[in-house]
Amino acid sequence: MDYIRLGNTGMMVSRICLGTMTYGTPTERWPWALNEEQSRPFLRQALDLGINFFDTADVYSAGASEEVVGRALRDFARRDEIVLATKVYNPMGPGPNDRGLSRKHILSAIDASLKRLGTDYVDLYQIHRWDANTPIEETMEALHDVVKAGKARYIGASSMYSWQFAKAQYTADRHGWTRFVSMQPHYNLVYREEEREMLPFCADQKIAVIPWSPLARGLLTGGRSKERNETERARTDAFGRSLYSEADFSIADRVTETAQQRGIPAAQVALAWMLSKPVITAPIVGASKPGHIEDAVGALSVRLSEEEIRYLEELYQPHPVSGM
């Protein structure tokens, strides 16, 4: 396993982060989620392969993901060996204050997440989205207080516009509050809109980039095509269906072709492309079937040529902004 500093911090993370949205309890919203017994072998395997970076969120399986991940990591590893990340923003109940980035919700949500995870602190506490209904000053001060209380080591952000991210960092700097050290954007071979502003901003500011959906919900693994798109996740993940279109399959076909020429899994080609970008810290990879984690870790040893990279990139067409 290779390790890298998380942005401009001194904390070292594995170059593959295991995303844990798949683990928890099947629900109406997450019917494809694995239960605890099914999930634990993947978490154990990730640790055995040197992955020390795990990403979850309070909303995944309505909190069950945090519970399952927390129990498994307590059983399989020492707390100081792992880098544990979770998120706040999405609805966690029916009440008007059960969501968003108000001071009230953030301070309640971090305590609830820590209880479910069974730990005194998270290493990275991330805002899952931008909250247009809460002043950014209120959000940044509350996150600063979470850090100063010892409940989070660092804070990060996810999918938003670059101007919003810059505004949040400026607000923190102006008041002497804790800055975001990471950005978790939607980024992969078939969705590269973040290359316009967000990725250059992160490179300039030495902010870690930990993309979600690096394999485009399985589109870049070679297991889906225009004619065959019938996984349980593909059938029931309405949000995922909104992210990609039939036009993206032409790029996926080139990933598969390149993989066949090299004799490696398509997922390794897609991840190797992403890891070739200097701005990328660690893609967040999900695993729900045998071989997924090995394929992700194997991508670390794949070096694509400049010609292969051009071939994979040249069919890209601008997309409407998605994933916000």
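Colleague: Which residue in β8 is the bridge partner of Ser 158?

Modeller: The partner of Ser 158 in β8 is Gln 184. Strands here are DSSP runs of E with at least two residues, and helices are runs of H or I with at least four, numbered from the N terminus. This is a predicted model, in which local features need pLDDT of at least 70 and side-chain atom pairs count only at pLDDT 80 or more, while totals for chains, interfaces and linings use all residues. Residues are numbered from 1 along each chain as its sequence is written, and side-chain values use heavy atoms, with hydrogens and water left out.

Colleague: How many bridges join β7 to β8?

Modeller: Four bridges join β7 to β8, and the two strands run parallel; strands count as paired if DSSP finds at least two bridges between them. On the β6 side, β6 (residues 122-127) is joined to β7 by five bridges, again in parallel, with Leu 124 standing opposite Tyr 154 in β7.

Colleague: And what handedness do the β-α-β units have?

Modeller: The unit made by β6, helix α4 (residues 136-148) and β7 is right-handed, and so is the unit of β7, helix α5 (residues 162-175) and β8. Right-handed means that, with the strands pointing away from the viewer, the path from the first strand over the helix to the second runs clockwise.

Colleague: Why is β7 largely enclosed?

Modeller: Five of the seven residues of β7 (residues 152-158) are buried, so the strand is largely enclosed by the rest of the structure. Buried means under 20% relative accessible area, exposed over 50%, and partly exposed in between, with a 1.4 Å probe and protein chains only.

Colleague: Zooming out, what's the strand order in the sheet?

Modeller: The open sheet of eight strands is ordered β9-β8-β7-β6-β5-β4-β3-β10, with parallel pairing. β9 (208-209) and β10 (284-285) stand at the edges with a single partner strand each, so one side of each has no neighbour in the sheet.
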